[in-house]
Amino acid sequence: MANLIGRAVLGVTNRSIVRSAVTRTRPGRALSRRFVAGELLDDVIAVAKDLNNRGFRVSLDHLGEYVTDETKALQARDDYLAAIDAIAANGLDANVSVKLTQLGLGTNDDLARRSLGAIARRAAERETTVTIDMEDATLTEATIQMYEVVQQEFGILGIAIQAYLHRSVDDIARVAPLGGHIRLCKGAYAEPSEVALQSSDDIDANFDLLVNKLMKYETTMPAIATHDEARIAAAERSAADRIHPWEFQMLYGVRTKMQGKIIESGRPLRVYVPYGDAWYPYLTRRLAERPANMLFFARAALSRG
Ligand SMILES: Cc1cc2nc3c(=O)[nH]c(=O)nc-3n(C[C@H](O)[C@H](O)[C@H](O)COP(=O)(O)OP(=O)(O)OC[C@H]3O[C@@H](n4cnc5c(N)ncnc54)[C@H](O)[C@@H]3O)c2cc1C
């Protein structure tokens with residue numbers, strides 16, 4: 001997402017007047033349903049069942065981020081515990097994806113670490129896993145440090161690494177020996193050139209290079225998170241000699257035909273399915289990735305419905 005149009009999109013959508021115009025109208029909520037399963041746990045469980053029946057693995061993401069209120073941070077922990085229980089109760093092939101700022105990282109790091117530990121413990125008991133999403137670059141180091149501490153205790157975590165960051169090649173060498181899974185994505189935030197590559201070509205080249213490195217580790221399960229056909233083909237080439245498991249990951253509602261083709265080819269694919277009422281920032285990042293979607297967004301923002 002490191003291009004100028006993407007930045008401009010986030011500049012507009014981050015304005016509070018636009019946010020309230022979209023979140024309060026029916027067309028705005030309808031637009032969110034293209035990328036978000038619904039507001040309730042029951043909604044996402046129904047979507048996950050359907051995806052499992054069609055051969056997809058799933059990761060449930062209870063939306064929320066940058067939480068500064070401790071009561072809300074604890075509520076987010078409890079929502080994740082409930083999601084893990086529901087995965088087990090319904091026999092789903094699913095795990096959960098968590099943002100650490102939703103658990104209080106940045107406001108009360110100790111609380112966030114304890115909550116992540118509680119989520120990891122429950123996931124271990126229910127025989128599933130937890131992936132830590134990677135947020136903006138001011139949080140990368142704190143996120144990796146928390147991953148290292150909790151992963152050493154429970155061993156069932158995974159972490160997202162963003163190909164646009166200059167530091168990611170070193171971060172992979174740092175986290176891969178800890179086991180678990182590593183989700184490689186391009187990166188969804190508007191970052192400055194001091195910390196992140198800016199051109200699509202540079203990001204794509206680094207993505208392929210990092211995939212190649214990841215595929216050589218026996219200690220980690222690479223999860224290649226992209227909808228970019230050239231990156232998908234490059235990953236298949238890098239994995240030609242790999243005997244250990246790996247998977248693709250894609251977002252709910254994005255390039256669904258291509259998702260079906262990957263499943264038909266026999267390659268495992270996990271669909272990342274967000275749910276909950278805090279869907280606005282997630283929606284705006286998806287719009288920034290494909291500015292053509294802004295037409296729908298503008299209709300929702302201008303609607304009185
Ligand atoms: C499973 C998963 C988890 C992720 N987790 C994180 C995370 O933890 N942290 C983070 O920073 N980022 C995360 N991302 C987002 C990621 O960083 C990218 O912003 C996003 O995936 C778009 O990049 P791309 O690799 O698909 O390539 P792009 O070059 O952006 O897109 C390739 C093609 O896919 C299609 N496409 C891509 N996005 C959309 C869209 N929104 N709507 C319609 N078509 C689209 C377009 O046709 C485009 O040409 C995640 C992505 C996935 C798939």
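Colleague: Which exposed residues are carried on the face of helix 6 turned away from its buried side?

Modeller: That face of helix 6 carries the exposed residues Asp110 and Glu125. Bear in mind that this is a predicted model, in which local features need pLDDT of at least 70 and side-chain atom pairs count only at pLDDT 80 or more, whereas totals for chains, interfaces and linings use all residues. Numbering starts from 1 along each chain, following the sequence as written.

Colleague: And what counts as exposed or buried here?

Modeller: With C-beta atoms placed from the backbone, a residue is buried if 20 or more other C-beta atoms lie within 10 Å of its own, exposed if 12 or fewer do, and partly exposed in between. The helices (H or I, at least four residues) and strands (E, at least two) are DSSP runs, numbered from the N terminus.

Colleague: OK, which residues of helix 6 are buried, then?

Modeller: The buried residues in helix 6 are Ala112, Ser115, Leu116, Ile119, Ala120, Arg122 and Ala123. They cover an arc of only 165 degrees around the axis, which puts them on the same side of helix 6; the arc is taken from the directions that lead from the helix axis to the C-beta atoms.

Colleague: Why would residues three or four places apart point the same way?

Modeller: An α-helix has 3.6 residues a turn, so positions with that spacing point the same way.

Colleague: What span should helix 6 have, going by its residue count?

Modeller: Helix 6 has 17 residues (109-125) and at 1.5 Å a residue should span 24 Å, which agrees with its end C-alpha atoms being 24 Å apart. The expected span is 1.5 Å times one less than the number of residues.

Colleague: Let's do helix 4 as well; which of its residues are buried, and which exposed ones are on the face turned away?

Modeller: Val44, Ile45, Ala48 and Leu51 are the buried residues of helix 4. Seen down the axis, the buried residues of helix 4 fall within an arc of 125 degrees, so they line one face of the helix. Turned away from that buried side are the exposed residues Asp42, Asp50 and Asn53.

Colleague: Changing topic, how are the strands of the barrel arranged?

Modeller: Eight strands form a closed barrel in the order 1-2-3-4-5-6-7-8, and their pairing is parallel. From one strand to the next the twist averages 30 degrees, where axes are lines fitted to C-alpha atoms, for helices over the stretch in contact, and angles between N-to-C directions run from 0 to 180 degrees. Two strands pair if DSSP finds at least two bridges between them.

Colleague: How many bridges join strand 4 to strand 5?

Modeller: Five bridges join these two parallel strands, and Gly158 stands opposite His181 in strand 5. Strand 6 (residues 221-225) runs parallel to strand 7 and is joined to it by three bridges, with Phe248 in strand 7 as the bridge partner of Ile224.

Colleague: Staying with strand 5, which way do its residues point?

Modeller: His181, Arg183 and Cys185 point one way from strand 5, while Ile182 and Leu184 point the other way, and all are buried. In strand 7, four of the five residues are buried.

Colleague: Now the ligand: how many residues surround it, and which are the closest?

Modeller: The ligand is surrounded by 25 residues, of which Asp133, Ala160, Cys185, Thr226 and His227 are the closest; a residue is near a molecule or strand if its C-beta atom, placed from the backbone, lies within 6 Å of it. Strand 4 (157-162), strand 5 (181-185), strand 7 (247-251) and helix 12 (280-289) each supply at least two residues of this shell, and the largest share, three residues, comes from strand 7.

Colleague: How does the shell divide into nonpolar, polar and charged residues?

Modeller: There are eleven nonpolar, six polar and eight charged residues in the shell around the ligand. Here Ala, Val, Leu, Ile, Met, Phe, Trp, Tyr, Cys and Pro count as nonpolar, Asp, Glu, Lys and Arg as charged, and the others, Gly among them, as polar.

Colleague: Last one: where is Glu127?

Modeller: Glu127 lies in the loop between helix 6 and strand 3, and its phi is near 60 degrees, a positive value in a residue other than glycine. Glu127 counts as exposed because it has 9 C-beta neighbours inside 10 Å.
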